[in-house]
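Open the structure in your viewer and keep the selection tool at hand.

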Amino acid sequence: MRGPRPLTRWLEIAVPAHAEAVEAVSEILTRIGHNGIAVDMPTVGAGGRGAETGDYTVKAYLLADADAFAKVSDARDALGHLQAFGLGPIGELAVRTIDDEDWLAAWKASLAPIRVGAFLVRPTWSDADAAGAIALALDPGMAFGTGLHPTTQQCLEALSTLPVEGLRVLDVGTGSGILAIAAAKRGAREVVAVDVDPLAVAAAAENAERNGTRVAVRQGSAADVAGAFDLVLANLVGPVLLAVASHLRARVAPAGRLVAAGIVRDAEAGVRDAFARVGLRLVEREERDDWVRLVLTA
Ligand code: SAH
């Protein structure tokens, strides 16, 4: 007779964080999380937009094994350092134990389908009706690319309104590939996606295929791609945008556009200066929860 299946115990780590701190907190929890992290929006109104109040919650799940205590305490230390740098208010790290089934349920519930602009971002296991939206099927496993992060949402909204059909599109820092896939589904003629992280490259390639889209995914950055594109997407953090500004510029075709996101308000002036210096002109600015998205043209 077989005994009962040993129950896997998981720890759920939850950290409330202000918009400005979400990215840094995500980065820390990604180091200990078993399968990436999830970011819960404060409140998401119908349609994926609307009333967003209070704090985000960044969550990670890890096996409750012998190393768990040390991992959680490392994360707590790292969060303490962030706080000391003044990177937005961060709440207390909360730990709770959950069982296998609960974990799956919690994980799936935190990834409900979300409507953003022209798109419906849903996990692959969801059969949510796209109701006229363009469905993007993406599973969790990364800090970005589930469509829940505000900067990703801002870029999806740009992809909903900017012309994309028939254009050549480059996605720099593709992560899960979400923006590249969205561009392909909006009818881009050709989509190239790059990321410095080999795990992201693998995930993006798999996700593109799963969504039935053609995206050429490569490891690298804006400097490793040749030629010019009608639309360049760069959802990167401020310091990275500064570092790659001239390479991004080189990839934008005459009259082409660059969508730059992931810029916290404090970093905005510096990033805009850097783009102006390389000859990119601002055509649009949008801000949400301290995150700034810019659209520029060459
Ligand atoms: N485009 C996705 C992911 C954004 S997260 C989205 O909008 O949701 C930013 C990604 O940029 C990460 O996957 C990170 O690995 C990658 N990245 C960081 N620095 C980079 C650089 N210099 N060049 C290219 N990719 C970079």
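Predicted model: local features only at pLDDT ≥ 70, side-chain atom pairs only at ≥ 80, totals over all residues.

**Stop one: the ligand**

Residues are numbered from 1 along each chain as its sequence is written, and side-chain values use heavy atoms, without hydrogens and water.

Next, show the polar contacts, here pairs of N or O atoms within 3.5 Å. A polar side-chain atom of Asp195 is 2.6 Å from a ligand oxygen. The side chain of Thr152 places an N or O atom 2.7 Å from an oxygen of the ligand. At Gly173 a backbone N or O atom is 2.8 Å from a ligand nitrogen. Of the 570 Å² of accessible area that the ligand has on its own (Shrake-Rupley, 1.4 Å probe), the protein covers 84%.

**Stop two: the largest nonpolar core**

Now select Leu156 and Leu159, which touch the most other members of the 33-residue largest core. Such a core is a set of buried Ala, Val, Leu, Ile, Met, Phe, Trp, Tyr and Cys residues joined through side-chain atoms within 4.5 Å, buried being under 20% relative accessible area (1.4 Å probe, protein chains only). Helix H5 (178-185) gives the most to this core, seven residues. Around Leu156, look for contacts (heavy atoms within 4.5 Å) with residues including Val116, Phe119, Ile178 and Ala182.

Note on methods
Polar contact = N/O pair within 3.5 Å; in protein donor to acceptor, adjacent residues only side chain to side chain. Buried < 20%, exposed > 50% of the residue type's maximum accessible area, 1.4 Å probe, protein only. Helix = DSSP H or I, 4+ residues; strand = E, 2+ residues; numbered from the N terminus. Lists of a residue's contacts leave out its neighbours within four places in sequence.
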